[in-house]
Amino acid sequence: MSNKVLQHKYIKFGLVLLLSIALILFTQQVKLWKNPEGTPISMDTFIGLFVLWGFSFIGILVSDIMKKAPVNILKSFPVLGWVSLVSLIFCLSSNFFVQAIAAVDFLSITTPILAFAGISVADHLIDLSKTSWKVAIVAIFVFIGTYLGSAILSQLGLWVTGKL
């Protein structure tokens, strides 16, 4: 790839990540309108969002570099995995990153992530419709099992802490 094409690709990735950060900030503000006692938006929030943007961008760069590696497992390792590893390394190296990210509301982060996941799944609905009806049965059991498992663990946690 030429240098100009790579530069355009990374600018595009940076802008998409910036849009994600803007959605997180918007979601946190909407949550504050509904619940004023929630995590306030401060300068630390902006620093935390910039840190998250940086972790994501570094993870994308590492993923692209590793696609040229001779080891197959490194080539096929997902971008999300690289972003997670980069985040883990930086957060273990300095408490600054942990404190910066703590100023960003967790639920505000999950809303855009779930929206992007829904969009990515929507692209594959035709493929999903070609699968067997048995997948629906498996999905129902997985959903029920996940729900029951979460409910049992929550009940156990409440019982152990004496809140129940």
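Mentor: Let us start with a term: a salt bridge is a side-chain nitrogen of Lys or Arg within 4 Å of a carboxyl oxygen of Asp or Glu. Keep in mind that the model above is predicted.

Trainee: Thanks! What makes Asp 105 and Lys 31 a salt bridge?

Mentor: Their closest N and O atoms are 3.0 Å apart, and the cut-off is 4 Å, so the pair qualifies. Asp 105 sits in the loop between H5 and helix H6 (106–122), while Lys 31 belongs to helix H1, so this pair ties together parts that are 74 residues apart in sequence.

Trainee: Is Asp 105 called buried or exposed, and how do you know?

Mentor: Asp 105 has a relative accessible area of 9%. Buried means under 20%, so Asp 105 is buried.

Trainee: And why is Lys 31 called partly exposed?

Mentor: Its relative accessibility is 28%.

Trainee: How many salt bridges does the rule give?

Mentor: The count comes to 2. The other joins the side chains of Lys 9 and Asp 64, at 3.0 Å from N to O. These two residues link distant parts of the chain, with Lys 9 in helix H1 (residues 3–34) and Asp 64 in helix H2 (residues 43–66), 55 residues apart. Lys 9 is partly exposed at 23% relative accessible area, whereas Asp 64 is buried at 13%.

Trainee: Which residues meet where H4 packs against H5?

Mentor: Phe 90, Cys 91 and Ser 93 in H4 meet Phe 97, Val 98 and Ile 101 in H5. Sorted by class, this contact has 5 nonpolar residues, 1 polar residue and no charged ones.

Trainee: Which residues make up the largest nonpolar core?

Mentor: There are 6 of them: Ile 21, Ile 24, Leu 49, Leu 52, Val 104 and Ile 109. H1 and H2 each supply at least two residues of this core. Another core, of 5 residues, lies apart from it, and includes Val 51, Phe 55, Val 86 and Phe 97.

Trainee: What does Leu 52 touch?

Mentor: Not counting residues up to four places away in sequence, Leu 52 touches Ile 21, Ile 101 and Ile 109.

Trainee: I also noticed Gln 28 in helix H1. How do you know whether Gln 28 is buried or exposed?

Mentor: Check its relative accessible area, which is 1%. The cut-off for buried is under 20%, so Gln 28 is buried. Beyond residues up to four places away in sequence, Gln 28 touches Thr 39, Pro 40, Ile 41, Thr 45, Ala 103, Val 104, Asp 105 and Ser 108. Asp 105 is the residue that pairs with Lys 31 in a salt bridge.

Trainee: What is Gly 14 in contact with?

Mentor: Leaving aside neighbours within four places in sequence, Gly 14 is in contact with Trp 53 and Phe 57. Gly 14 and Phe 57 are 43 residues apart in sequence, and their C-alpha atoms are 6.8 Å apart in space.

Notes
Residues are numbered from 1 along each chain as its sequence is written. This is a predicted model: local features need pLDDT of at least 70, side-chain atom pairs count only at pLDDT 80 or more; totals for chains, interfaces and linings use all residues. Side-chain values use heavy atoms; hydrogens and water are left out. Contact means heavy atoms within 4.5 Å. Helices (H or I, at least four residues) and strands (E, at least two) are DSSP runs, numbered from the N terminus. Ala, Val, Leu, Ile, Met, Phe, Trp, Tyr, Cys and Pro count as nonpolar, Asp, Glu, Lys and Arg as charged, and the others, Gly among them, as polar. Buried means under 20% relative accessible area, exposed over 50%, partly exposed in between (1.4 Å probe, protein chains only). A nonpolar core is a set of buried Ala, Val, Leu, Ile, Met, Phe, Trp, Tyr and Cys residues joined through side-chain atoms within 4.5 Å.
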